[in-house]
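The sequence and the structure come first, and the text follows.

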Amino acid sequence: MKWQGFLAALFLLAGCSAGGKGARGPDLDVILAAGPAPVLSDYGLFSDVAGAVPAQGVLPYELINPLFTDHAAKHRLVFVPKGASASFNAEDVFSFPVGTVLVKTFAFAPDMRVPDEGAYRVETRLLIHKTEGWAAYPYVWNEDQTEAVYRPAGKRIDIETVSPAAETLQLRYAVPNQNQCKTCHQAGDAIEPIGPKARHLAHEGQLTRWVEAGILDGLPEGVAGEPYAFDVSQPLDARARAWLDINCAHCHKADGSASNSGLWLPATEQTGARIGLLKHPVAAGRGSGGLKQVIVPGDPDASILLYRMASTEPGVAMPELGRSVSDPESLALIREWIGAMETP
Amino acid sequence: MSIRLRALGAAVSVLAFAACSPSTTEPPPPAGEVPAPLSAEGDFGATLQAALIAAKPGETILLPEGVFQLTDGLSLDVDGVTLRGAGQEKTILDFTGQEGAGEGLLVTSDDVLLMDFGVRNTKGDGIKSKGADQIIYRYLTVEWTGGPDEANGAYGVYPVESKNVLVENVTVRAASDAGIYVGQSDNIIVRNSVVEYNVAGIEIENSMNADVYGNIARNNTGGILVFDLPDLPVSGGNSTRIFDNEIIENNTRNFAPAGNIVASVPSGTGVIVMANRNVHVFDNNFDNNRSAHVLIMSYSEPFTDETYNPLPRDLVLRDNDYGAGGDDPQGDLAPLAAALGGQLPAIVWDGVDRWGEGEPQAMNIAVEEASEVGFISFGLGRYPIDPAAMAPSPERPVAVAAAEPAAVVLPHGDR
């Protein structure tokens, strides 16, 4: 089985190098075109699309804490056009030059405890910095895993897998539609990337590698990232805030799509009521679960935040997009965090 | 002089009401070039969502007649688009099998017109628009067909953080929070609509400059609410006029899930003004609201927002018709009414005029109703409530009626 895939990949690789688009590297005409390309291979971001081999100048990267998306494995790539680079920002997203592409591929395996065995790609999302701002395009992989096709209206895909905690899962995995991409990536009237901020990237020398690769400019000394949320050797409060930052703050921020809730969850937010301490909900509806406050210090079971994280019901579940099951590990973390808060 | 002018105003508004009565008007036919409706064949949700994404500014997307089962939320993010069905009872987007998203349809672009379709049984809110200026909701029906139920979505029609909002000839039934909810917005008209069997019929919250008129609010828990809440990006709500509405029989049990502010609305209230400033309630017809026709109250929960004022100020009540009501007060009003013999007059004020350690405030609540219209203040003074401190009084507060805000003018109302 694995051999077949390998041979197929070799075959395709040969096909590509014999004149396929991939061999030429990223194609700025396609990247900066007014609309999306019909298929992923058109961009030239991979030297071998089927084998997921990035083209030269396209760099893999990882976030310290990824957003939970139904246990999907995520493979991230960044491309910045030659001669340009992103400028460092201590708090916000780096300022990336026009022509930048952020690539995120979502993959599953029959058993996510061994995510590389029998892995298959489901979708690849592109965030492209066009001349007039960022654009988000979703691509869905074909069954043969040879190409991904532009799919603006989104899609539900049935996936069977086993979670890292050994639960058998029947997922109704949602590929977002193009507007839903914007819902999470909204920053005021614009859209922007979520992940590539210093606090999400600064680990294991990654930012130094970005500088060496010419992707990043102006990196100061000693930039520290957030702790890994499940590294119990780190302080609980910082871990929980890091988790909320990457899983919630893309909408729950002053210029995000949940701004009107007044519940703002970036790790940098300092006001108690803003992060939900004893805060009454505004428009929660049945999302309140009959509970009265977002976070009741010391009482996780009375906290709407945890209730909505645990739910899989549309209209209740948070985040609203991007998951059809809940994550026991995340629930345990937030439960512990609220439980450890001093009772008012 | 002023009485004659008011009588004239009332006569004119009765005529206006007759002309705009939601049950008798029909939407005008589409103007200009009309495109072909979307195909009803195949996966309609995907067809519609693709059309919403591909739309160009100025484009009209026409929905075919029929009932369409949708499994995911829809969204529109293109300015200047019209989304139009074959009629609010003819094109139905049915979300009974919804698997994701917080609402049925989300609009995040400006200058959008939604009309002539229905939205049914969404898991969360019905139609939401956020940061969408110059939006029109017209001849739409949003409902939960099982009737009042805690599991229904919160809001039927839900514009938030917007400027220039028009909601007209809309019908909303059985929302578990508010049928028509306008929040954190400015320059708003809600008119000629029918809201029934919701917890709140119409709610204007943390908003400025709203005209609410010609509506029928019946069989809700509370008819029309004007609130201001703390700890939100936009607060200091002010300048709302509520006039020429039928606010009757809002006696449905409160089915809002606990934790939501409307969960405390006593069943049987007509209009509630909570916190907020410069609210004018006139020429409405109140009848058979079993708790109270008008309830004036302060925000009673603890808050940390230093800019927030939890008291209602500069309120004017005048020239309303009050029928039977107040005969069976519910919720938090029940024990207070019990101490007064079990019934409440048309207009009820909690009598809270200060909070924390603060001094009493001049609230300027002007009750300019006919002398036979009943009024009571519970004289509660401050929160948290101490029942022993209750000092009921039928005396109307001394006040000078605040100047009425000018009529709301929308730049896009004729579109």
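A residue counts as buried when its relative accessible area is under 20%, as exposed when that area is over 50%, and as partly exposed in between. The model discussed here is predicted.

**Salt bridges**

A search of the whole structure finds 26 salt bridges over all chains.

| Pair | N to O distance |
|---|---|
| A:R199 and A:E226 | 3.3 Å |
| B:D116 and B:R84 | 2.8 Å |
| B:R253 and B:E150 | 2.9 Å |

In chain A, the side chains of A:R199 and A:E226 meet in a salt bridge. A:R199 belongs to helix 4 (residues 198-201) of chain A and A:E226 to the loop between strand 14 (216-217) and helix 6, so the pair ties together parts that are 27 residues apart in sequence. A:R199 has a relative accessibility of 13% and therefore counts as buried. A:E226 has a relative accessible area of 11%, so A:E226 is buried too.

In chain B, the side chains of B:D116 and B:R84 form a salt bridge. B:D116 sits in strand 7 (residues 113-120) of chain B and B:R84 in strand 4 (residues 82-84) of chain B, so this pair ties together parts that are 32 residues apart in sequence. Both B:D116 and B:R84 are buried.

B:R253 forms a salt bridge with B:E150. This pair links distant parts of the chain, 103 residues apart: B:R253 is in the loop between strand 21 (246-248) and strand 22 (269-274) of chain B, and B:E150 is in the loop between strand 9 (135-143) and strand 10 (155-160) of chain B. At 43% relative accessibility, B:R253 counts as partly exposed. B:E150 is partly exposed as well, with a relative accessible area of 35%. Elsewhere, salt bridges that share partners join B:D211, B:R241, B:R318, B:D319 and B:E404 into one network.

**Two helices of chain A**

Two packed helices are described by the angle between their axes and the distance between the axes. How do helix 6 and helix 8 of chain A cross? The axes of helix 6 (residues 236-248) and helix 8 (residues 328-340) of chain A come within 10 Å and cross at roughly 130°. The two helices are therefore oblique to each other. Helix 6 of chain A passes helix 8 of chain A in a left-handed crossing.

On the side of helix 6, the residues in contact are A:L236, A:D237, A:R239, A:A240, A:R241, A:W243 and A:L244. They meet A:S330, A:L333, A:I334, A:E336, A:W337 and A:A340 in helix 8 of chain A. The residues of this contact divide into eight nonpolar, one polar and four charged.

**Two buried residues**

A:Q293 lies in the loop between helix 6 and helix 7 (304-310) of chain A. A:Q293 is buried, with a relative accessible area of 18%. Its C-alpha atom is 5.3 Å from that of A:L278, which is 15 residues away in sequence. Not counting residues up to four places away in sequence, A:Q293 touches A:L278, A:K279, A:H280, A:A302, A:S303 and A:I304.

B:E203 is part of strand 16 (residues 200-205) of chain B. With a relative accessible area of 0%, B:E203 is buried. Leaving aside neighbours within four places in sequence, the contacts of B:E203 include B:D177, B:Y181, B:L225, B:F227 and B:I261. The C-alpha atoms of B:E203 and B:V273, which are 70 residues apart along the chain, are separated by 10.0 Å.

Methods
Residues are numbered from 1 along each chain as its sequence is written. Chains are lettered from A and ligands numbered from 1 in the order in which they are written. This is a predicted model: local features need pLDDT of at least 70, side-chain atom pairs count only at pLDDT 80 or more; totals for chains, interfaces and linings use all residues. Side-chain values use heavy atoms; hydrogens and water are left out. Axes are lines fitted to C-alpha atoms, for helices over the stretch in contact, and angles run from 0 to 180 degrees between N-to-C directions. Helices (H or I, at least four residues) and strands (E, at least two) are DSSP runs, numbered from the N terminus. Angles under 35 degrees count as roughly parallel, over 145 as roughly antiparallel, 65 to 115 as roughly perpendicular and the rest as oblique. A crossing is left-handed if the near helix is turned anticlockwise from the far one by less than a right angle, and right-handed if clockwise. Contact means heavy atoms within 4.5 Å. Ala, Val, Leu, Ile, Met, Phe, Trp, Tyr, Cys and Pro count as nonpolar, Asp, Glu, Lys and Arg as charged, and the others, Gly among them, as polar. A salt bridge is a side-chain nitrogen of Lys or Arg within 4 Å of a carboxyl oxygen of Asp or Glu. Buried means under 20% relative accessible area, exposed over 50%, partly exposed in between (1.4 Å probe, protein chains only).
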